[in-house]
Amino acid sequence: MPSFLKYQGYVFETEALKDAYLAVPPAKRETTTGYSEDVLRTLIRYFADWGPSRDSDLRVDPEDSLDRLSADKKRALYNDCVNKLTKTLTEQYSRDVNQEEFEGFLYRLAHSGLPDSILTFFLRYLWKFSKNVHKYEQDFLVTTAESNTESQQEETQSDSNQFTAAIHRLPSEYLDKKHEQYENEEKINRIRFQALNTIRSSGGLSPGQLQDYIEQETTNHDTDIMRAYDEFTVLGQLYYDYYKPRLDIYLTAVTDHLIDQLDIADSTAHHVNFAEPRNRLGDVTWFAIYPTEDNDKAEAYQLFFGIHWDGVRHGLYAGDDLRKEGWRDNISIDKITETDGLTFETVAEKFDVVLEEYYRLNGVKKATEPDKPPSGIATTVARQLRKENQVVFYGPPGTGKTYEAKRFANWWVYEESAGSPRDEQVESVTFHPSFSYEDFIEGLTAEATETGDVEYQVEDGILKRVAARAQRAYENSIESDGTDEVPPYVLIIDEINRGNLAQIFGETITLLEKDKRDSYEVSLAHSDDPFTLPPNLYVIGTMNTADRSIALVDAALRRRFRFLQFQPNYEALWTHHGYEDRSAVVDATEGSDSYRVLLALSMLAIEQLNERIVSAPELSKGQQIGHSYLWDIEDVTDLVDAWQYDILPLLEEYYFGQFEQIRRQLFDGTGDHLVDWDQERIKSFTDTELAAFLAAFVSVETEVNYTTVRATETEASSSSTRERSPKFPKYNEIVGEKIFDEIGSVLHGNSLAEIHRHEDFERITLALESEHPDHPGEDVRYRLLAYPHRDQPRITAALTVSDKLREELGGEIQEHLLSSELSDEWSYEGNKYPTASRDWEIGTFTGDYYALDGEELIDALGEDVVSAAIDEFCSFVEIFHPFFVENNIPSAEQWARMSHQRKLNLSVRLDTHLRMKPLLTGLLTPKNGFYLVSTTPPSHSDFPRQHLIHSKK
């Protein structure tokens, strides 16, 4: 329930102010403090519901009260309010609210523009208000229904409800004004007057009492005064009028920023608050942005945002007069059902996606011609799509697969639609381990009926929806002109290999074949409806070969897609940064421009690093470093960031838990300035240190005097910079102690430090080892990591084992994983670093997470997600720890002795091998001067145990 603070005639809702303050991270607050009239007005405008000006007119904003004050009184009011509010927030919500930081928060809103996080707060507050109204209405109507009979009415005469109690809690200044407003009124307002008197005197109002007032007033006027009202809406104005000015300000602020931020041309906004248009309170509010030329929004296509208690809808919508047959083909609406999913960025992104279609449908301006992909890509992809209808772009990370897929799809649809594409012609979806048939094709949803029963309905998945739109376009085109010039529809499936493809596609896999399009039907699993795919629906998939081998793609799917390889494109990178060829890049390393020298060194280093990755025994060409990591680079700081936060972490991911392999196989034993090899962590390095390493790595000399620019992040509030250092000790201590409380005894540790892999807590990583005497120790690590800065933010739990242990027990580990009580979301990776892992997706974090630590960082990642990850991680350790203890796994020292003995036993001369050739046919393959001999038992054929025999003579 709201908590109010009254001070000098102003009333603030402190819970709302607290939530808004916490929504803006410290890095986004200004450092300026002290009185400013703009800041005072900002405080009153966004967080005060009552001011002295409303004593004379309830419709005005509390901010108008400031016009009556002198400059000195405004200054005194500011200082007193700030002091009082910071003290109240600290005491009431157990938050250490520093007055200077609070003033910096207000200055940020007043002078640097409203950040997206505050606009998100506005939207969530409106949704919270909608939910409260709905809750009050349901409680009120239930209470009213229970008092329908005379006996019940008599029994419940004194019963109150949440709604009237909420009215009673409103500030007395407001209730006095409402009493004055209704005192000499008749009909509905007379009922409100009597109800208000009862609420104020007794703290509530029973349905029976309200019914008495209604019957009395109806009798006095001998007419049905309730024909446009019910009991709840009669009282609704008593509650809503208090909040109305601030809620209207929130709606206006959001629409103004959308129009300004997206540069929506020639458009205006229309708001409908919770009581409009009939002045009766409900749980719905919405706004629509539509062309200024249209005097009537009903005749225009709109950028629509609507809040209802059970969800938020936003996107492209049609005005009332346009809702005729087929009108839904022109709209694109998304629905949000979870509070965390509602952000200003989400709404703005959706509006941005449909903006061209909004312009086209309203005739505001022609759709902008999209960029054309490189000729080779455009021609090749278009030809393969026409032949097969499906292609997959595959290759290492950072090679532009997703970017080129979207660029090609937008360009191709534009070209094939005569320059008038519809927004709905290109759709995107990302596969992940929990993505299912129900998400992709169709699923069942349960809804409660008015009688309380549960009714199941079929909800279409994205493929079914896209196919329906493409089918309509195909049929309309054929009927209208009888030609084959049908507008294409493209579905982009990003990370296509991360999902269970056979399970996701189900029976529709057959329909992908070109000769089955529009000529073959299948019956869907849930609805049993016939389903087919139209010829004008095309699919583009993307997949990182670093994540999973292309060979693991379901064979049936592989036959139906054409695979186009994307490799690092050095020529495109050189051209993008203004170099004619590689020799020009080499020449640039001899220049005097520190940025251009470091850029040239970086490009040469990526090229050489990829050559080493391809030849590394544990890696392959599918794990090269893509050119896009150096694409959006503008200065030295960007280059340092690219290496420190993208490229080096990617190498760390490839060699998970094996830093020595990076040092030996890729860096030739160098890289001390960039990586702390002992602690196995990436350092925070300078541009000078990076340049020195890169120059040595590519064997060139430079004469640039670098200025030791550290990777920094400039705060909007200050021109000063701070060192960016990925250290999160408080977060790791909090999470680590929670884990230690649950499984510290399981791992036989007396403290968290005793079982933690690292002596310090500098990364968002917890790597635990067991101290049990029969546990293989460092050969097995249990890891919990957070990646808020990645393109797909997530928390990851993983079991990592040494190469030798995976070689010996890979099959048993997989078998134990599959037979355990763990969630199906745990996956087994027998061919690379994590032996078993699972992910929890977290929302995209738009602030500076480097400025956070401890509880603040947990809040940013999502407290529920962090708790779920901790619980599942601990369950995993409890299940797997006995497995490693009971398997009597040799110690590291025993491993070394066994390995040495094995080499002695297997080291035989090459001519001896040749005499054994008839026995070893199919088992002997050359690899880097060795022969790789498989000694795999038939029962473990998926996890071959292999030994190296040197080919020396």
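Select Tyr-21 and Arg-29 to begin. The charged end of Arg-29 sits over the Tyr-21 ring, and the distance to the ring centre is 4.1 Å. Keep in mind as you look that this is a predicted model.

Now jump to Trp-127 and Lys-131. Here Lys-131 lies over the face of Trp-127, 4.2 Å from the centre of the ring.

**Rings with rings**

Next up are aromatic pairs. A pair of aromatic rings is described by how far apart the centres are and by the angle of the planes. How many aromatic pairs does a search of the whole structure find? The search turns up 52. Let's visit two of them.

Pick Phe-121 and Tyr-125, a tilted pair with 6.0 Å centre to centre and 50° between the planes. Colour helix α5, residues 116-145, and you'll see where they belong: Phe-121 and Tyr-125 are four residues apart in this helix, so about one helical turn separates them. Are these two buried or exposed? Both Phe-121 and Tyr-125 are buried.

Stay with the rings and select Phe-129 together with Tyr-243. This aromatic pair is edge-to-face, with 65° between the planes and 5.4 Å centre to centre. Phe-129 belongs to helix α5 while Tyr-243 is in helix α11 (residues 231-261), so the pair ties together parts that are 114 residues apart in sequence. Phe-129 counts as buried because its relative accessibility is 4%, and buried means under 20%. Tyr-243 is buried too, with a relative accessible area of 2%.

**Over to the sheet**

Switch to a cartoon view and look for the strands. Strands of a sheet pair through backbone hydrogen bonds, either parallel or antiparallel. Which is it here, parallel or antiparallel? The pairing is antiparallel, in an open sheet of three strands ordered β1-β2-β3. Select 4-7 for β1 and 48-50 for β3: these are the edge strands, and each pairs on one side only. On average, neighbouring strands of this sheet are turned by 35° against each other, ignoring direction.

Zoom in on strand β2, residues 10-13, which pairs with β3 in the antiparallel sense over two bridges. Click Phe-12, and then find its bridge partner in β3, Ala-48.

Helix α2 (residues 37-47) touches β2 and β3, and its direction makes about 65° with that of β2. Then bring back α11, which also packs on the sheet: this helix touches β1, β2 and β3, and its direction makes about 140° with that of β3.

Methods: Residues are numbered from 1 along each chain as its sequence is written. This is a predicted model: local features need pLDDT of at least 70, side-chain atom pairs count only at pLDDT 80 or more; totals for chains, interfaces and linings use all residues. Side-chain values use heavy atoms; hydrogens and water are left out. Rings of Phe, Tyr and Trp (its six-membered ring) pair if their centres lie within 6.5 Å; planes under 30 degrees apart count as stacked, over 60 as edge-to-face and the rest as tilted. Buried means under 20% relative accessible area, exposed over 50%, partly exposed in between (1.4 Å probe, protein chains only). A charge sits over a ring if NZ of Lys or CZ of Arg is within 6 Å of the ring centre and within 35 degrees of the ring normal. Two strands pair if DSSP finds at least two bridges between them. Axes are lines fitted to C-alpha atoms, for helices over the stretch in contact, and angles run from 0 to 180 degrees between N-to-C directions. Contact means heavy atoms within 4.5 Å.
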